[in-house]
2 protein chains.
Amino acid sequence: MSAFAEVLRAWKPRLETWLDEVLPKESTEPTRLHEAMRYSVFGGGKRLRGVLVVLAAQVFDAAPEVAREPACAVELVHTYSLMHDDLPCMDDDDLRRGRPTAHKVYGEALALLAGDALLTRGLALLGEARRAEAIGAMLRELGLAAGSVGMVGGQVLDLESEGRPIDRDAHALLRRIHLGKTAAMIRASAALGALVGGADANSVAALRTFGEHVGLAFQIADDVLDETGTAAELGKTPGKDRDQGKLTYVAALGLEGARLAAREEAERAIAALKPLRAGSTDLLAQLARFAVERTS
Amino acid sequence: MSAFAEVLRAWKPRLETWLDEVLPKESTEPTRLHEAMRYSVFGGGKRLRGVLVVLAAQVFDAAPEVAREPACAVELVHTYSLMHDDLPCMDDDDLRRGRPTAHKVYGEALALLAGDALLTRGLALLGEARRAEAIGAMLRELGLAAGSVGMVGGQVLDLESEGRPIDRDAHALLRRIHLGKTAAMIRASAALGALVGGADANSVAALRTFGEHVGLAFQIADDVLDETGTAAELGKTPGKDRDQGKLTYVAALGLEGARLAAREEAERAIAALKPLRAGSTDLLAQLARFAVERTS
């Protein structure tokens with residue numbers, strides 16, 4: 001396992017304690033709604049986005065607790081997006097990370113509403129952030145990343161591209177899809193960490209660029225893993241995207257082309273850290289390499 | 001027409017100009033998504049919530065423009081809730097205000113995603129509010145009102161109450177449903193106006209109480225109108241709730257009992273304004289009476 005996989009594993013329980021604290025208890029009415037929210041939030045996952053918020057804040061010497069609210073915010077917004085993606089009218093997935101999806105357990109209406117409530121809680125949590133003067137900027141950043149020109153927009157482009165021939169324009173379209181679907185939220189995670197850490201505007205911009213390239217690297221590596229990983233490693237059936245004729249980096253660039261593109265994005269991410277204080281960004285550079293070297 | 005209906009009619013174009021300004025253009029990619037968002041936002045409606053934000057801010061001598069962002073925020077969050085309510089897995093409505101619902105025009109997936117994007121834009125818009133020091137408090141207020149213990153929670157209780165016998169506990173359950181589904185957002189609209197207007201904590205609390213009672217009055221009056229209004233007045237088929245065996249105030253209290261309850265809530269709303277400067281709250285008192293005297 002890479003050294004950074006250990007870093008992630010060490011942070012995960014802390015992130016999950018915070019998430020437990022910021023979510024309503026299962027005993028709070030309506031109990032089934034709060035159960036459904038917690039079922040999805042605590043359904044596994046690396047917590048990469050939340051940990052990125054914490055590590056980005058640390059670059060500016062902020063203690064981990066300072067990043068608690070934005071770290072939970074990005075995890076809750078990410079979870080809502082998975083819940084809505086899994087719904088019958090979207091990807092219609094029965095399994096996620098080896099467990100039945102929320103609508104299989106709680107029904108469609110409750111899964112939809114639990115997703116709505118997680119998005120609401122995620123954004124509103126920024127209103128409780130420890131660095132009050134950064135709330136407005138964090139909210140604008142996360143709103144743009146999650147909304148119609150970010151994550152939701154990428155999802156729409158992805159739906160519209162289904163069944164589209166893989167031609168010379170495919171790579172450019174794919175980049176736009178993944179900038180929206182994946183990279184926007186990872187970019188926002190890095191920027192939120194910088195903002196809550198008290199970074200100046202130039203440093204926030206550097207983290208934003210870092211996050212965007214990490215997000216692209218992460219998504220390209222996902223496409224590669226879907227082709228090369230085993231079911232045990234991935235927790236899902238490999239080759240599903242290819243079998244559905246989905247537009248992926250492997251389909252557009254070939255396996256070796258996609259691997260190379262992922263490494264290039266990781267290097268661009270690391271290059272973006274250059275203006276920041278030497279030594280302060282070592283874990284972020286490890287995170288960028290982990291995004292492309294991981295096996296799950 | 002009541003004098004306040006004229007006030008609403010006069011404000012509506014201003015609200016809609018602001019909404020047009022804060023939403024991405026239809027020509028912005030993904031164009032179908034932005035079309036679907038605008039189709040629903042500009043589908044009619046009184047803009048009662050947005051106007052309430054403006055009027056509440058005016059109590060504290062704030063100019064209307066100061067209330068622009070929170071006024072648009074509550075309208076966008078309200079629109080998202082209607083879009084998701086209309087979806088096949090929820091109320092499965094084909095018509096809203098005499099027009100086909102968004103999923104009939106754009107399909108389920110896009111209607112779901114357009115709703116998500118409106119919720120995101122609505123909350124994030126608070127990050128652009130003119131009174132920067134109020135952003136955190138406004139975000140916490142709107143997040144609570146729209147989320148799992150507010151509007152979404154009320155919707156879940158409503159779904160769970162379907163087919164339930166109308167017994168002696170029905171009135172208490174009904175109150176909890178409507179406190180969540182309707183009153184929470186009208187309460188938040190009044191509070192947001194106060195917050196962006198620079199009100200002190202006691203005044204914000206007074207507006208919050210005012211808004212909650214107006215919200216209950218408004219919803220009880222809705223139940224009465226569903227029983228007594230004409231299709232032309234309502235823009236929908238009257239009697240639908242009764243025919244579906246829905247738990248309504250008319251079913252629980254009878255027609256006269258419901259009318260009386262609505263008037264009582266309006267009077268409680270007006271009483272809550274008492275601590276505020278005399279003369280400054282006349283329009284709010286008119287709004288409370290309008291909530292129960294309207295014919296559509």
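Which residues of α8(A) are buried? In this predicted model, the buried residues of α8(A) are Met151(A), Val152(A), Gly153(A), Gly154(A), Gln155(A), Val156(A), Leu157(A) and Asp158(A). Helix α8 of chain A, which spans residues 151-160, is thus mostly covered, with eight of its 10 residues buried. What covers these residues comes from both chains, for they pack against α4, α7 (135-146) and α9 of chain A together with α2 and α6 of chain B.

The contact between the chains takes 42 residues from chain A and 42 residues from chain B. On the side of chain B that touches chain A, the elements that give two or more residues are α2 (31-41), α6 (108-125), α7 (135-146) and α8 (151-160) of chain B. Of these, α6(B) supplies the largest share, with 12 residues. Sorted by class, this side of chain B holds 24 nonpolar residues, 11 polar residues and seven charged residues.

Helix α6 of chain A, residues 108-125, packs with α8(B) at an angle of about 165 degrees, and their axes are 10 Å apart. Angles over 145 degrees count as roughly antiparallel, and α6(A) and α8(B) are therefore roughly antiparallel to each other. The crossing in which α6(A) passes α8(B) is left-handed. From α6(A) the residues that take part are Ala109(A), Leu110(A), Leu113(A), Asp116(A), Ala117(A) and Thr120(A), and they meet Val152(B), Gln155(B), Val156(B) and Leu159(B) in α8(B). By class, this contact of α6(A) with α8(B) has seven nonpolar residues, two polar residues and one charged residue.

A second pair, this one within chain A, brings back two of the helices against which α8(A) packs. The axes of α4 (residues 68-86) and α9 (residues 170-196) of chain A come within 9 Å and cross at roughly 165 degrees, and α4(A) and α9(A) are therefore roughly antiparallel to each other. Here α4(A) passes α9(A) in a right-handed crossing. The contact is made by Pro70(A), Val74(A), Val77(A) and His78(A) of α4(A), and on the other helix by Met185(A), Ala188(A), Ser189(A), Leu192(A), Gly193(A) and Val196(A) of α9(A). These residues divide into seven nonpolar and three polar, with no charged residue among them.

The largest nonpolar core has 213 residues, and those with the most contacts inside it are Ala217(A) and Ala217(B). Leaving aside neighbours within four places in sequence, Ala217(B) is in contact with Ala262(B), Glu265(B), Ala266(B), Ala269(B), Ala288(B), Ala291(B) and Val292(B).

Glu227(B) lies in helix α10 of chain B, which covers residues 201-228. This residue has 17 other C-beta atoms within 10 Å, and is therefore counted as partly exposed. When residues up to four places away in sequence are not counted, Glu227(B) touches Gly239(B), Arg242(B), Val250(B) and Leu255(B). Glu227(B) and Asp241(B) are 14 residues apart in sequence, and the distance between them in space, C-alpha to C-alpha, is 8.5 Å.

In chain A, the peptide bond from Glu29(A) to Pro30(A) is cis, with omega near -5 degrees, and Pro30(A) lies in the loop between α1 (3-22) and α2 (31-41) of that chain. In chain B, a cis peptide bond joins Glu29(B) and Pro30(B), with omega about -10 degrees, and Pro30(B) is found in the loop between α1 (3-22) and α2 of chain B.

Positive phi values in residues other than glycine complete the picture. Arg47(A), in the loop between α2 and α3 (48-58) of chain A, has a phi near 65 degrees. Because it has 24 C-beta neighbours inside 10 Å, Arg47(A) counts as buried. Asp92(B), in the loop between α4 (68-86) and β1 (95-96) of chain B, has a phi near 50 degrees, and because it has 11 C-beta neighbours inside 10 Å, Asp92(B) counts as exposed.

Note on methods: Residues are numbered from 1 along each chain as its sequence is written. Chains are lettered from A and ligands numbered from 1 in the order in which they are written. This is a predicted model: local features need pLDDT of at least 70, side-chain atom pairs count only at pLDDT 80 or more; totals for chains, interfaces and linings use all residues. Two residues are in contact if their C-beta atoms, placed from the backbone, lie within 7 Å. Helices (H or I, at least four residues) and strands (E, at least two) are DSSP runs, numbered from the N terminus. Ala, Val, Leu, Ile, Met, Phe, Trp, Tyr, Cys and Pro count as nonpolar, Asp, Glu, Lys and Arg as charged, and the others, Gly among them, as polar. Axes are lines fitted to C-alpha atoms, for helices over the stretch in contact, and angles run from 0 to 180 degrees between N-to-C directions. Angles under 35 degrees count as roughly parallel, over 145 as roughly antiparallel, 65 to 115 as roughly perpendicular and the rest as oblique. A crossing is left-handed if the near helix is turned anticlockwise from the far one by less than a right angle, and right-handed if clockwise. A nonpolar core is a set of buried Ala, Val, Leu, Ile, Met, Phe, Trp, Tyr and Cys residues joined through C-beta atoms within 7 Å. A residue is buried if 20 or more other C-beta atoms lie within 10 Å of its own, exposed if 12 or fewer, and partly exposed in between; C-beta atoms are placed from the backbone.
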